[in-house]
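Reader: I have a model open and would like to talk through parts of its fold. Could you take me through them?

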Amino acid sequence: MRHHSRPDPFHALQTPLPLSGVRIVDFTWVAAGPATTRYFADFGATVLRIETSVYPDPWRNSAPFASNIPGPNRSGAFALVNAGKRSITLNMRTPEGVGLARRLILEWADAVVDSFTAGVMERWGLGYDALSRERPDLIMLSMSTFGRGNPLESLPGFGPLITALVGITNLAGWPDRTPVPPGPSATYTDFIVPRQAAMALVSALDYRERTGRGVYIPFSQFLASLHLLAPLLLDALENGREAQRQGNRDTVCVPHGCFPCADGEWLAIAVESDAQWQALRRVLGCPDWASDPSLDTILGRKAQEEALESRLAEWTRQYPSEALMERLQQVGVPAGVCRSAKGLLHDPQLVH
């Protein structure tokens, strides 16, 4: 009898990940830097976090905590950006600590990532110029707030500061109210920066693969975040039009917002085209107010946006959120219940 081997269900897990063999010494902390290096851990690199018990990473003491018990090894926020890494503590105020860090870099690492202000690594003798003399193939990514070579290079900063300076905070909120700064767990720049920083580091690894030479990347979190607003900056430059706070509204989707439902929940609806508006009209039952021909175009709906949203809110209040979401999705209108964390946990379709 011929033997047929059964497929190995763990074959995919045994396949080397694309960054297997890459070794990174990680001097970053809090969110943007650790999120950058976590990408590398996820794809097979060995990432070694350098920490100190004198100044623990603030996110080690940030909620939520496992079993609601605070502790430096129980933080969900810290785990989110550090999963898959290894960690050691070094006292960088001592020659021994600096010496061990230097040995790790020169004898073990492919790349070093830090998120300090300009001059910190240099004061330890771990600046790129000093290290690259002994390791010309070394890669170093320094992702400080403002990068290098400018008057602000030594100014420390966190996500809320960068978000404000870039101009994102000024766009958040309602037109007739003050800007709304994001909370520490929702700082936009902490989600923008890691994607660009990770691509810069991947590019450096590719460059070394082709040339055998290392590279220094003086990365600016400010400039990386500014890139997000490029269309608005161009609009201001070319057309003299400055973007304004507009709450839940959108420049091209009308209606676009969150609407109250009969069960006390809210339903997000975004009509992206005239065809979707016609589909929404049919679900509404084609009432007289929705049959106005001027509403058939985006410009027409935009001109009557406030009245349109008020009418739509009166209609959504008559129906439970889940049922209404399904009705709209069935006809191609983007809609989604604004779920809470508890709501997500109890949704049998999303959590098994």
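Reader: What is the strand order in the open sheet of three strands?
Author: The order is β7-β8-β9, with antiparallel pairing, where strands (E, at least two residues) and helices (H or I, at least four) are DSSP runs numbered from the N terminus, and two strands pair if DSSP finds at least two bridges between them. This is a predicted model, in which local features need pLDDT of at least 70 and side-chain atom pairs count only at pLDDT 80 or more, while totals for chains, interfaces and linings use all residues. Residues are numbered from 1 along each chain as its sequence is written, and side-chain values use heavy atoms, leaving out hydrogens and water.

Reader: OK, and which strands are at the edges?
Author: β7 (256-260) and β9 (335-337) are the edge strands, each pairing on one side only.

Reader: How many bridges join β8 to β9?
Author: Three bridges join β8 (residues 266-270) to β9, and L267 stands opposite V337 in β9.

Reader: Switching to helices, at what angle do α11 and α13 cross?
Author: The axes of α11 (residues 274-284) and α13 (residues 305-316), which are lines fitted to C-alpha atoms over the stretch in contact, with angles from 0 to 180 degrees between N-to-C directions, come within 12 Å and cross at roughly 40°. That makes α11 oblique to α13, since angles under 35 degrees count as roughly parallel, over 145 as roughly antiparallel, 65 to 115 as roughly perpendicular and the rest as oblique.

Reader: Which residues meet there?
Author: W277, L280, V283 and L284 in α11 meet L308, L312 and W315 in α13, where contact means heavy atoms within 4.5 Å.
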